[in-house]
Amino acid sequence: MAPFTAEFLGTALLVLLGNGVVANVVLTGTKGNGGGWIVITTAWALGVFVGVVVSAPYSGAHLNPAVTFALAISGKFDWAHVPAYMLAQMLGAMLGSSLVWLKYKDHFAATEDKGLKLAAFCTGPAIRNTFSNLTSEIIGSFVLLFVIFHFTSAEIADTKTPVGLGSLGAIPVMFLVWAIGLSLGGTTGYAINPVRDLGPRIMHAILPVAGKGKCDWSYSWIPVMGPMIGAGFAALLYLALN
């Protein structure tokens, strides 16, 4: 389990469960059809937990180019490893979304709304406004990274002995992503992760999804650039304050 493999598998699981819940809620004829926003945000948070549990011991569980970028800016991650991490994350996101399509293939075929089919792959704005949409992704990603920078490890206070929490150590980031989704996600679907959006969008274009529409490439740069800008701001503010 090398770091590259861990990032690949962790991101694949994250997108499989995250886009899987969207498919379950929006596609025709599923058991979870109409489940709503609470279901989607909860499962995305749990998907983050699963991805982090699998990858954290081996790669640090970035699972997101914005995280990798911010950690490199802050000096907490070697720039030399950034390209490999981002490649693994992109490939993992593409695999995860492909598995969602395979899992829900019959329901994609039964769904007439092309927009709902696209939603099971990538994000889109509730109200299309380039400045507002970009700002939304910047703010959500800033919150994600700025809080991650302030996570602390559990320890026994008197001796400063670290307490190994095992898989429980993934719970804080799960709650963080859940909070962002519930509070800030209603405008753009809170990509807050470039590959979570771009990888599946590419697969939407490649896979033979029955009756699919366009991939909305004119919007696709926002969930890529927004998270990276927000992550950069978070890293710079962290450096300025510490």
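Q: What makes M1, L9 and Y58 a nonpolar patch on the surface?
A: In this predicted model, local features need pLDDT of at least 70 and side-chain atom pairs count only at pLDDT 80 or more, while totals for chains, interfaces and linings use all residues. Residues are numbered from 1 along each chain as its sequence is written, and side-chain values use heavy atoms, leaving out hydrogens and water. A patch takes residues with over 30% relative accessible area and no salt bridge, joining nonpolar side chains (Val, Leu, Ile, Met, Phe, Trp, Tyr) within 5 Å and like charges within 9 Å. A salt bridge would be a side-chain nitrogen of Lys or Arg within 4 Å of a carboxyl oxygen of Asp or Glu. M1, L9 and Y58 form such a patch, with about 280 Å² of accessible area together (Shrake-Rupley method, 1.4 Å probe, only the protein chains shown counting as cover for residues).

Q: Why is Y58 called partly exposed?
A: Buried means under 20% relative accessible area and exposed means over 50%, with partly exposed in between (1.4 Å probe, protein chains only). Y58, found in helix 2, has 42% relative accessibility and therefore counts as partly exposed.

Q: Is T111 buried or exposed, and how do you know?
A: At 3% relative accessibility, T111 counts as buried. T111 lies in the loop between helix 5 (105-110) and helix 6 (114-119). Leaving aside residues up to four places away in sequence, T111 touches L27, T28, L116 and K117, contact meaning heavy atoms within 4.5 Å.

Q: What makes a set of residues a nonpolar core?
A: Such a core consists of buried Ala, Val, Leu, Ile, Met, Phe, Trp, Tyr and Cys residues joined through side-chain atoms within 4.5 Å. The largest one here has 54 residues, of which V21, W44, V52, F108, F121, L144 and L145 touch the most other members. Helices that each supply at least two residues of this core include helix 1 (3-26), helix 2 (37-59) and helix 7 (130-148). Beyond four places in sequence, L145 touches A66, V67, A70, A231 and A234.

Q: How do you know how many helices and strands the chain has?
A: Helices (H or I, at least four residues) and strands (E, at least two) are DSSP runs, numbered from the N terminus. By that rule the chain has ten helices and two strands.

Q: Why does the radius of gyration agree with a compact globule?
A: The globule rule is 2.2 Å times the number of residues to the power 0.38, with the radius taken over C-alpha atoms. For 242 residues this gives a value near 18 Å, and the chain has 18 Å, so the two agree.
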